[in-house]
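This report describes the contacts made by one chain of a predicted model. It takes the contact with a neighbouring chain, then the contact between domains.

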Amino acid sequence: MEPGAWSPLLMPKKGKSLERYLRMSQMPTLWCPGCGHGNIARGMLQAFDELHLNLDQTVVIGGIGCSGRTPFYSNTNAMHTTHGRALAFGTGIKMANPDLTVVATMGDGDTAAIGGNHFIHSCRRNIDITAIVFNNSIYGMTGGQFAPTTPQDKKSSTTVYGNIDEPFDIAELAMAAGASFVARTTTFDFQDTTELIKKGIQHHGFSVVEIITQCPTYYGKINKLGNAVDMLEYEKDMTFPEEDEPIDWKELSGQMPLGIFREEQRSEYTDRYRELRESQKSKTDVT
Amino acid sequence: MLPKDPYHVRLSGRGGQGILLAGILVAEAGMKEGYNVVQTQSYGPEARLGASRCEVILSNNEIAFPEVELPDFLLCLSRDAYVKHGRELADDGLRIVEQQVTREEKVNDALVIPMIEAARETGQEIVANVVALGVFIELTGAISEKYLRSAMEERVKPNYLDMNLKALQKGREIAKKDEVKGG
Amino acid sequence: MRLIQGNEACALGALEAGCRFYAGYPITPASEIMEWMARKLPALDGTFVQMEDEIASLAAVIGASWAGKKAMTATSGPGFSLMQEHVGYAAMTETPCVIVDSQRGGPSTGLPTLPSQGDVMQARWGTHGDHAVIVLTASSVLDTYVMTVKAFNLSETYRVPVVLLLDATISHMRENVELPELEIVERITEAEGGEDIFGNRAFFPFGVGPRKVVTGLAHDEKGKPETSRGQVGERLLKKALDRLYVDRDHIVSYKNYQAGDAKWLILSYGITSRPARAAVDKMREEGEKVGLIDLQTLWPFPDELVQSYSEKVEGILMPELNLGQLIMPAKAAIEGRAPVYPFNRADGKLFTPAEIIEAMREIMYNGKLDQTAILEQRRNGK
């Protein structure tokens with residue numbers, strides 16, 4: 001199949017049709033065959049369906065790159081923003097109208113490189129936005145350059161001799177910065193994708209749902225990880241489900257835990273602003 | 001009444017002496033008096049540490065150029081301010097220098113007044129700016145006391161108002177003294 | 001009558017114009033605008049956010065505009081440089097928003113507390129690519145209020161980002177003003193044809209009317225990306241620019257100060273028009289026929305206006321607090337109808353009336369202007 005063809009993962013042969021949630025005028029997607037982004041998009045749309053979201057009151061915002069295209073395919077309001085800045089736009093949208101449901105689809109470069117600042121500050125504010133991070137460990141749209149999530153020694157078009165950078169663990173970064181809901185899964189664990197996105201949207205506060213996904217076109221090819229199916233196997237090998245005992249983040253040695261790492265109720269940003277506003281409205285010293 | 005129209009006022013001192021507030025009070029009172037006013041200031045780190053400056057122009061006409069080139073009234077409330085801003089003065093201009101400055105600098109062609117000491121006698125050194133305003137209205141007559149008091153009621157924190165009003169009186173009194181008038 | 005600071009006048013104008021969302025990042029000399037908005041917006045049911053940087057600030061403003069609020073940010077040169085990414089995004093997505101740039105000496109961190117007019121070209125061409133943008137400026141505290149309202153009105157009318165250029169002096173100076181009643185352009189969220197098409201006056205926010213697709217990619221009228229046929233994107237750009245050129249008379253404002261019968265003209269804008277006015281007053285007293293055009297709209301450049309004056313005068317002096325920026329479109333518009341003399345400084349000082357008079361007399365009586373000589377002579381206190 002040619003790149004740009006309809007991702008079969010978006011419209012599975014079995015299961016409920018999500019056509020109502022797709023913006024058909026934007027089909028086909030530009031994702032490559034075997035790309036995991038379609039799985040994540042499907043998981044997101046299925047979460048919308050199961051939550052009975054009002055699509056008119058939902059805004060999906062994206063950054064730049066392969067993941068940033070997701071808003072176009074989602075039959076909600078869509079805002080395709082600039083590289084790394086989806087959350088900054090989202091902060092304006094949510095603060096101006098807290099009744100809107102705001103979901104951001106971001107790549108690992110969006111999240112942890114060019115938009116790292118917006119990411120940590122969104123975590124800190126605990127604004128009620130769900131950030132779905134499509135982590136494929138590489139810059140796909142621009143031709144396979146390494147990302148801040150590319151493991152050490154791995155190859156890319158700009159680390160042909162092996163990557164000397166230390167990678168970020170996005171979930172860990174989110175927790176350190178104060179996100180109140182943090183979870184991670186992989187496209188191998190597809191069933192979890194919908195569940196975690198649902199939980200993220202339902203959570204009142206800033207939610208980070210990181211999904212490890214495969215890029216067979218660049219990351220898989222350059223690092224000789226095989227086709228999409230082989231890469232799903234690889235995802236499985238590289239990860240382990242979170243056990244009951246606490247994770248020692250320093251002793252992971254390349255293996256990534258999966259699961260819900262944090263789910264706590266904390267005061268949310270738009271709520272705090274609303275309270276401030278009410279307290280000021282009672283004193284009317286205007287202009 | 002303005003001794004000259006337009007009338008250019010430059011207030012200078014150390015950061016923390018309330019030079020900006022003094023300038024705003026002159027501008028506010030000037031406006032109440034019916035003049036057009038423009039107030040500008042030096043800004044930034046120097047306003048917090050070194051020599052701070054605030055300028056006001058008062059006029060019965062529209063004021064085109066907002067900055068003071070040669071002041072008709074110049075106040076130097078600190079040594080740094082005197083060194084930095086003390087030179088320029090219009091012909092027939094009035095230069096008022098805080099007495100403490102004379103400990104370290106030779107001061108010529110100026111009325112030297114112990115405004116900081118007067119402020120201490122009133123309550124606290126921080127009202128030296130308002131003592132200076134008392135000197136200003138007493139010696140220039142540019143603004144009447146009632147409008148300056150009314151501006152102070154609006155711009156000065158209520159807890160400090162009383163002390164400031166006293167400082168204003170004190171400023172007028174020390175300006176009236178013969179030795180000051182004699183220069 | 002009130003004693004108001006320039007930055008305060010800007011905030012009051014914004015609130016009067018219906019601005020109910022502010023996002024920004026602290027920077028001298030613009031911070032007081034943000035402080036005012038932070039204080040006043042909550043009780044007006046508005047929203048204030050202090051963002052992590054200027055890039056995020058303008059992003060949040062654009063997001064808020066799409067969520068239904070009139071929105072603004074304010075900054076100075078360094079922050080304005082960071083905002084350029086989203087000036088382009090606002091232009092590409094035809095998002096109404098207002099950006100105030102209180103200019104200080106640049107480039108880089110430059111002269112943080114001293115006035116400048118160095119961002120005139122950046123305001124027009126700072127972001128990459130051709131795009132529609134309106135740039136206004138003001139020369140007094142009262143004008144700052146009026147032009148802030150106008151910035152919102154134009155932004156809503158033409159769905160373009162509007163930049164208001166202030167400077168360190170205007171921002172911080174206080175003047176006595178009587179704030180006038182001004183007409184306010186309200187946002188129309190119901191299109192007559194029932195559909196929201198990009199560039200239409202009607203502007204449906206998210207959650208109102210049909211679902212929207214907003215993108216910084218070249219797109220068609222419905223927002224669908226169209227990146228292989230470049231003519232679609234070009235059509236969008238031209239349409240946005242044409243709207244501004246067709247309505248230029250409505251967009252252009254300026255003040256004519258004794259320019260009607262002037263034989264010699266000063267063409268200036270912003271704070272520089274203040275010493276220019278003082279110079280005109282003084283020279284008129286001595287019978288010299290000098291006048292001033294104080295431009296309030298810088299972009300689209302009012303070329304017809306400047307052209308018509310250039311036909312009537314013998315020479316034009318253009319003082320600017322930069323090393324020669326607005327003189328470029330001015331010369332292009334004047335096309336040699338009258339000699340145009342640049343007069344420039346970027347040392348953080350205003351021109352004095354005396355310097356402008358001296359420069360004007362040099363061109364009037366000697367037909368030339370050695371601007372360095374005039375400025376150096378004064379700097380050296382001679």
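Chain C and chain B meet in a contact that takes 20 residues from chain C and 17 residues from chain B. On the chain C side, two or more residues each come from strand 6, helix 7, strand 9 (174–177) and helix 10 (273–285). Helix 10 of chain C gives the largest share of that side, five residues. By residue class, the side of chain C that touches chain B holds nine nonpolar, six polar and five charged residues.

Strand 9 of chain C also pairs with strand 2 (residues 36–41) of chain B, in the antiparallel sense and over two bridges. Within this pairing, B:Val38 stands opposite C:Glu175.

Chain C itself is divided into domain 1 (2–177) and domain 2 (258–379). The centres of these two domains of chain C, taken over C-alpha atoms, are separated by 27 Å. Their contact takes 24 residues from domain 1 of chain C and 19 residues from domain 2 of chain C. On the side of domain 1 that touches domain 2, at least two residues each are supplied by strand 6 (111–115), helix 5 (120–125), strand 7 (134–137), helix 6 (141–158), strand 8 (161–167) and helix 7 (168–172) of chain C.

The table sets out the residue classes for two sides described above.

Technical notes. Residues are numbered from 1 along each chain as its sequence is written. Chains are lettered from A and ligands numbered from 1 in the order in which they are written. This is a predicted model: local features need pLDDT of at least 70, side-chain atom pairs count only at pLDDT 80 or more; totals for chains, interfaces and linings use all residues. Domain bounds come from an automatic or database domain assignment. Two residues are in contact if their C-beta atoms, placed from the backbone, lie within 7 Å. Helices (H or I, at least four residues) and strands (E, at least two) are DSSP runs, numbered from the N terminus. Ala, Val, Leu, Ile, Met, Phe, Trp, Tyr, Cys and Pro count as nonpolar, Asp, Glu, Lys and Arg as charged, and the others, Gly among them, as polar. Two strands pair if DSSP finds at least two bridges between them.
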